[in-house]
Amino acid sequence: MLILGFIIFGGVKRIANFTQIVVPFMALAYIIIACVIIGMHIDILPSIFMSIITDAFTPMAGFGAAIGWGVKRGVYSNEAGQGTGPHAAAAAEVEHPAQQGLVQAFSVYIDTLFVCSATAFMILITQSYNVLPEGSSTFIVQNLAADVVISGPAFTQIAVDSVLTGFGKPFIAIALFFFAFTTILAYYFIAENNVSYINRTIKIPALRFVLKVILMSAVFYGTVAQPSAAWGMGDIGVGLMAWLNIIGILIIFFMAKPAIKALKDYEAQQKAGVKNYTFDPKKLGITNATFWEERFDKAQSKSQASTKDNES
Amino acid sequence: MQDLVNSINAIIWSPALIYLCLGTGLFFSIITRFVQVRQFKEMIRLLLSGKSSEKGISSFQALAVSLSGRVGTGNIAGVAAAIGFGGPGAVFWMWVVAFFGAATAYIESTNAQIYKEEEDGVYRGGPAYYIEKAMGQKWYAWIFAISTIVACGVLLPVVQSNGIGDALVNVFGTGGTVPSFLGEIALT
């Protein structure tokens, strides 16, 4: 928690530096372990894959449950549409806005197609799961003891432990510690960004400090809360943001289509084979993008100055 | 308290939001002519060529930051819950929402870049900024900003630390020691 404090008080750049070192390393370690476990049961991999596909369309838990839980936990994990990813996207230094859109789309892939799939295959291939529809008391599938907590890391820990006895549970606990720790840092970064937004209009200097204290208390509360209560709160958070953000981006799309214009502009430059991409919001009819207007004007006057130099 | 949380969730996470997430992804996929597939090569190229500056972080760093936000308890405990409550088929729907969601992520992140601001030497932006500037509705941006502070400052960290606590309980066995041990770290 001292580390958390140090990083949070150190500002955005330090958050970036810390996570850059930790995240790729731990995600890689996690995927390697998953590959080892899947490799040990490689003969049943095709049948596991088939069971995912068939169960998707004729789900044992009911269609609503399969699609509902898949989408809900999918969005929870990859955050597409939730509106958290754009905060980090805005902080990036790029030549053209579309570039960061592409990088973020890639991040959704890594999250779900690699990391989530790694977890799913580990659990399914080692049969370390139960299926218990919500509100029901009869298991559809029961491989584990009835008291194993579903909305927690237990399935995954048992899955790794079944192959690497005694190693699985602590390994997952450590991996989870790093994953969750950096996620909390990212949450702080996002909340702080919105505090900055509010501070643009009303200056409340204490707001940042209050945020730090509240976040630390929330972290503490989480360690003693029941998993179902914790996830219940988290679901409210994700759902609330997703509603507001998705409606927002849909309205923005119908009003001005800025991201689509940026994409077309980027692809035109790609086709032309330019080395240094430029973004001129005025030319594309995008208003209020003051940062890019200033940058483009500066670059224009610079290049004019240099051509003048060449002429003289 | 738990009842209140459940009833709020029943409203927020009604099937409407499930289909809104899937539908928006599909819609933006079609509108961008599946940018998430067409520009796949470019994504890799960009990741390897990012530059950072004094004011901003490089594309790769921004990816690491957002990835560290994305990869969390959800990837370990969330997937388990999806299987436990929704069956193996839930995994397929996770893939679907990720595939289409990549187009949504393109749209929202590009918006964030277009309308970013420079403040005290760092770049700031996000939905609150693009809602204000592209939609022109300041009140809506404020609602987003306040909801996000509550969500990211209070509601979501609870899930993350709960996952850590739960994983440790599974290692050391149940009992009050682990939560209180973590609690002591939290207080120092």
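Which domains does the domain assignment of chain A give? It gives domain 1, covering residues 2-254, and domain 2, covering residues 280-312. The structure is a predicted model. In it, chain A touches chain B through a contact that takes 157 residues from chain A and 133 residues from chain B.

**Chain A**
- The C-alpha centres of domain 1 and domain 2 of chain A are 41 Å apart.
- The C-alpha trace of chain A spans about 80 × 50 × 35 Å along its principal axes.
- Chain A contains 13 helices and two strands.
- Of the 312 residues in chain A, 52% are buried.
- Among contacts in chain A with a separation of 6 or more, 61% are made by residues 24 or more positions apart.

**Chain B**
- Chain B contains ten helices and two strands.
- Read from the N terminus, the order of elements in chain B is α-α-α-α-α-α-α-β-β-α-α-α.
- Of the 188 residues in chain B, 61% are buried.
- Among contacts in chain B with a separation of 6 or more, 41% are made by residues 24 or more positions apart.

**Contact between the chains**
- Chain A gives 157 residues to the contact, and chain B gives 133 residues.
- Helix α10 (residues 227-255) of chain A supplies the largest share of the side of chain A that touches chain B, with 24 residues.
- This side of chain A comprises 108 nonpolar, 40 polar and nine charged residues.

**Packing of α4(A) against α2(B)**
- Two packed helices are described by the angle between their axes and the distance between the axes.
- For helix α4 (residues 63-78) of chain A and helix α2 (residues 15-31) of chain B, the angle is about 65 degrees and the axes are 10 Å apart.
- The crossing of α4(A) with α2(B) is left-handed.
- On the side of α4(A), the residues in contact are G64(A), I67(A), G68(A), V71(A), K72(A) and V75(A). Their partners in α2(B) are P15(B), I18(B), C21(B) and L22(B).
- By class, the residues of this helix contact are seven nonpolar, two polar and one charged.

**Nonpolar core**
- The largest nonpolar core has 158 residues, and M122(A) and I83(B) touch the most other members.
- Helix α8 (residues 168-201) of chain A contributes the largest share of this core, 18 residues.
- The core lies between domain 1 (2-254) and domain 2 (280-312) of chain A, because both domains give residues to it.
- Beyond its neighbours within four places in sequence, M122(A) is in contact with A34(A), I37(A), I38(A), T156(A), A159(A) and V160(A).

**Residues with positive phi**
- E79(A), a residue other than glycine, has a positive phi near 60 degrees. E79(A) sits in the loop between α4 and α5 (85-90) of chain A.
- E79(A) counts as buried because it has 30 C-beta neighbours inside 10 Å, and the cut-off for a buried residue is 20 or more.
- K257(A), also not a glycine, has a positive phi of about 50 degrees. K257(A) sits in the loop between α10 and α11 (258-272) of chain A.
- K257(A) counts as partly exposed because it has 18 C-beta neighbours inside 10 Å.

Key: Residues are numbered from 1 along each chain as its sequence is written. Chains are lettered from A and ligands numbered from 1 in the order in which they are written. This is a predicted model: local features need pLDDT of at least 70, side-chain atom pairs count only at pLDDT 80 or more; totals for chains, interfaces and linings use all residues. Domain bounds come from an automatic or database domain assignment. Axes are lines fitted to C-alpha atoms, for helices over the stretch in contact, and angles run from 0 to 180 degrees between N-to-C directions. Helices (H or I, at least four residues) and strands (E, at least two) are DSSP runs, numbered from the N terminus. A crossing is left-handed if the near helix is turned anticlockwise from the far one by less than a right angle, and right-handed if clockwise. Two residues are in contact if their C-beta atoms, placed from the backbone, lie within 7 Å. Ala, Val, Leu, Ile, Met, Phe, Trp, Tyr, Cys and Pro count as nonpolar, Asp, Glu, Lys and Arg as charged, and the others, Gly among them, as polar. A residue is buried if 20 or more other C-beta atoms lie within 10 Å of its own, exposed if 12 or fewer, and partly exposed in between; C-beta atoms are placed from the backbone. A nonpolar core is a set of buried Ala, Val, Leu, Ile, Met, Phe, Trp, Tyr and Cys residues joined through C-beta atoms within 7 Å.
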